[in-house]
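Hi,

Here is the structure I promised to pass on to you. Please open it first, and then read my notes below with it on screen.

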Amino acid sequence: MVAVSDGQESGPPSAAVRAPVGRPLLSLALTSMMDAVGAHSGAVYLLPVGEQMLQMAVTAGLPRSFAAPWERVGLSAPIPVAEAVRERRLIWVGGEEDMARRYPRIAVVLPYPFALAALPVASGSRVYGAVYVTWPGSHPPELSEREREALTSACDRLAARLERAAAENRTVRAEHDLLDAGPLAGVSDTLGTVEAARMVARLPYGLCSLDLSGRVGFANGAAGELLGVPVSRLLGTQLWASVAYLNDPVYEERYRAALISQDPVSFVALRPPSDWLSFRLYPSTTGLSVRISRARAVSESSPSDARSGDAPTRLVSMSQALSMAGALTETVSVHDVVKLVADEIAPAVGSKALALLGARAGRLHVVGHHGYSDPHAVERFDRIPLSAPLPGARTVAHGVPAFFESRQQLEHLYPARHLTPDGFAAWAYLPLIASGRPVGACVLAYAEPHRFSTHERAVLTSLAGLIAQALDRAQLYDAKHQLAHGLQAALLPHSLPALPGIGATARYLPATRGMEIGGDFYDLVPSRPLPAAVIGDVQGHNVTAAGLMGQIRTAVRAYTTVGQEPAEVMRSTNRLLIDLGSELFASCLYLRLDPASGRAVMARAGHPPPLLRRADGQVRVLDLAGGPLLGIDGSATYPTTEVELTPGCVLALYTDGLIEAPGVDIEEAVAGLGRRLGERGDRPLEELADDLVGPYATAGERIDDVALLLLRAQT
């Protein structure tokens with residue numbers, strides 16, 4: 001088994017798991033890959049067995065914090081490494097504009113000029129992980145064949161090594177990130193360390209050297225004087241942590257921009273009360289050189305008020321917050337929200353489990369949960385009154401956060417909780433408030449006792465606000481989705497009646513846009529003396545179209561039942577549609593079936609022509625005479641035509657969603673549908689229907705509804 005672990009072994013390996021891989025396999029593979037193509041940063045992800053989540057195992061060239069939002073990446077995420085695994089191919093992003101167009105979630109967090117390549121690490125039978133490498137924005141917009149070959153070969157070699165490790169039952173662990181720069185050869189020989197220090201000390205402006213993590217490795221005396229901080233306090237610290245007025249995300253963002261783009265970056269900052277300083281950052285793959293000088297006074301105020309004291313450790317970086325906010329805006333359903341919070345937000349704040357709670361009719365409602373070994377530990381609270389003396393109910397009812405740093409704290413305030421242990425040791429109960437009203441609560445559970453600092457409580461409460469907006473929107477979508485499907489189910493036949501001499505089956509697929517409800521309809525009317533079949537399409541796919549569809553279907557059924565002939569059924573329905581005053585039009589195809597005589601009478605109102613497959617396998621497009629769309633001309637007539645319906649014949653009635661697609665010629669689409677009907681028409685009707693709608697059923701997006709009604713004449 002290939003697994004990921006960022007801890008140390010607590011004892012000798014068991015018989016089931018031998019010693020871990022002895023050398024830094026991933027680090028060596030990554031650095032050699034970066035050297036081969038001149039990349040300046042990269043990372044390797046591993047995919048644990050049986051999981052759907054890529055986990056970052058090692059990074060090189062840039063601090064891990066730069067990629068913090070993507071330390072764990074779901075395989076379905078719109079992220080290059082996930083796409084590389086899904087499609088088993090190299091993904092190339094040629095620059096800032098390309099990134100913004102294809103991967104906006106990354107572009108929001110890293111709006112800098114850089115190029116990126118992502119590749120799967122896979123053998124023929126298994127995916128072991130993925131790799132990405134990046135270049136500065138100066139890289140050409142296209143990846144060269146040499147670079148492509150070098151990256152592909154390196155990933156193939158890494159996959160082979162991981163496959164061998166798995167076969168030998170050796171564990172591949174996460175490794176230390178590679179940020180340390182090597183010695184600068186030749187410096188002491190050229191200048192001498194003492195003379196170099198003297199030269200820098202004589203300069204009238206400040207000089208600092210920062211490593212890739214932003215820590216000060218050297219500063220001259222002028223830098224300390226200009227910054228107002230002794231050099232001894234600067235060394236070994238991040239500049240924005242030691243200098244209070246630089247403790248602002250705007251300045252930290254400039255450091256990130258320089259390292260990622262590998263271009264010089266400048267900014268000015270106000271040293272209180274009135275001294276403006278100019279900073280010029282010169283990046284390389286080993287760190288940054290910073291030049292500090294006095295700047296002329298500027299009229300703009302500083303981006304934010306300076307804070308005194310050392311900067312607190314950030315629970316969630318600005319880049320992570322931006323990534324989370326962007327990801328939450330992309331969620332659609334409640335399931336999407338729960339999955340995103342579980343995959344991205346909970347791990348970022350150190351939580352091991354979560355539950356999303358809502359309220360309905362004065363009772364608690366468990367919306368979703370993740371990470372609990374026993375789901376009953378959460379689900380037992382479903383439908384309890386909001387007045388119950390429990391932290392979840394109180395948080396939802398009153399909209400006030402609650403933090404419990406240990407089990408003792410929780411049980412002291414809520415003694416009933418000792419009867420319902422969930423296996424965790426600390427909890428944050430966060431109210432979800434949208435548009436000024438509580439919509440639920442987010443419960444984060446921690447495996448160990450956990451101290452919640454003031455900063456952490458503020459961050460968690462802010463994140464809860466983002467979650468609340470997404471959850472409120474998702475619940476509204478789910479409610480509309482359920483309404484749409486309920487209405488659609490009520491308007492279409494629940495089943496088709498059995499008719500003597502006729503076998504029938506139908507399929508309906510809603511459009512994937514809007515409310516997923518449409519105006520396509522079909523019906524089979526067991527009238528006497530002869531039954532009838534009808535299929536139609538009301539313009540649009542929304543509630544209005546669905547309501548009109550229901551009226552048309554009812555009218556056709558009524559006119560058929562009273563014995564009207566096909567042409568008169570169409571005329572009556574057309575007049576009804578005009579009398580209703582609707583601005584929507586409808587197409588329709590109506591057949592009066594007579595299997596005993598082997599004939600059917602067809603009337604058509606602007607509808608796509610049906611297909612007839614004879615028993616010998618020949619397919620004919622019945623593009624016969626018809627009338628205009630229903631609802632246009634009250635005096636329109638609809639001529640009828642007799643068509644063949646001998647035993648073994650199959651009639652395929654369909655709506656235009658089955659043949660219309662962007663860039664596809666309608667006649668070619670009808671011909672393609674006819675070929676599939678001819679090749680597979682001998683199959684049972686259920687299988688045949690699935691075959692004909694198959695490409696549309698699996699499509700990620702359908703711009704129109706699809707309805708299909710198949711009729712087979714039997715002996």
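Let's begin at P529, which sits in the loop between β18 (520–525) and β19 (532–538); helices (H or I, at least four residues) and strands (E, at least two) are DSSP runs, numbered from the N terminus. The peptide bond leading from R528 into P529 is cis, with omega near 5°.

Before we go on, two notes on how to read all this. The model is predicted, so local features need pLDDT of at least 70 and side-chain atom pairs count only at pLDDT 80 or more, while totals for chains, interfaces and linings use all residues. Residues are numbered from 1 along each chain as its sequence is written, and side-chain values use heavy atoms, with hydrogens and water left out.

P273 is in the loop between β9 (265–271) and β10 (275–284).

R88, which is not a glycine, has a positive phi near 55°. You will find R88 in the loop between α2 (80–87) and β4 (91–93), where R88 is partly exposed at 41% relative accessible area (buried means under 20%, exposed over 50%, partly exposed in between, with a 1.4 Å probe and protein chains only). A361 also has a positive phi, of about 55°, without being a glycine. A361 belongs to the loop between β12 (353–360) and β13 (363–370). Is A361 buried or exposed? With 79% relative accessibility, A361 counts as exposed.

**Salt bridges**

How many salt bridges does the structure hold? There are 22, each being a side-chain nitrogen of Lys or Arg within 4 Å of a carboxyl oxygen of Asp or Glu. Here are a few to look up:

- E87 pairs with R89, and their closest N and O atoms are 2.5 Å apart. E87 is partly exposed at 39%, and R89 is partly exposed at 39%.
- R457 pairs with E405 at 3.4 Å between the closest N and O atoms. R457 lies in helix α17 (residues 454–491) and E405 in the loop between β14 (402–404) and α16 (407–413), so this pair ties together parts that are 52 residues apart in sequence.
- E642 meets R599 at 3.4 Å, N to O. This pair links distant parts of the chain, with E642 in strand β24 (residues 640–644) and R599 in strand β21 (residues 599–605), 43 residues apart. E642 counts as exposed at 52%, whereas R599 counts as partly exposed at 32%.

Salt bridges with shared partners also join R64, E71 and D177 into one network.

**Nonpolar cores**

In soluble globular proteins, nonpolar side chains tend to be buried together. The largest nonpolar core here has 63 residues, and L227, L246 and F279 have the most contacts inside it (a core is a set of buried Ala, Val, Leu, Ile, Met, Phe, Trp, Tyr and Cys residues joined through side-chain atoms within 4.5 Å). Helix α11 (residues 249–261) gives the most to this core, with 6 residues. Setting aside neighbours within four places in sequence, L246 is in contact (heavy atoms within 4.5 Å) with residues including W240, Y251 and F267. A second, separate core of 49 residues includes A506, I552, M570 and C588.

**Aromatic rings**

The whole structure has 11 aromatic pairs: rings of Phe, Tyr and Trp (its six-membered ring) with centres within 6.5 Å, where planes under 30 degrees apart count as stacked, over 60 as edge-to-face and the rest as tilted. F66 and Y255 form an edge-to-face pair, 5.6 Å centre to centre with 80° between the planes. F66 is in the loop between β2 (53–60) and β3 (72–74) and Y255 in helix α11, 189 residues apart. F66 is buried at 5%, and Y255 is buried at 4%. F403 and F452 make a tilted pair, with 5.2 Å between centres and 50° between planes.

Back at F66, ring pairs link F66, W240 and Y255 into a cluster. R256 lies over the face of F66, 4.8 Å from the ring centre (the rule is NZ of Lys or CZ of Arg within 6 Å of the ring centre and within 35 degrees of the ring normal). R291 lies over the face of Y205, at 4.0 Å from the ring centre.

Enjoy exploring!
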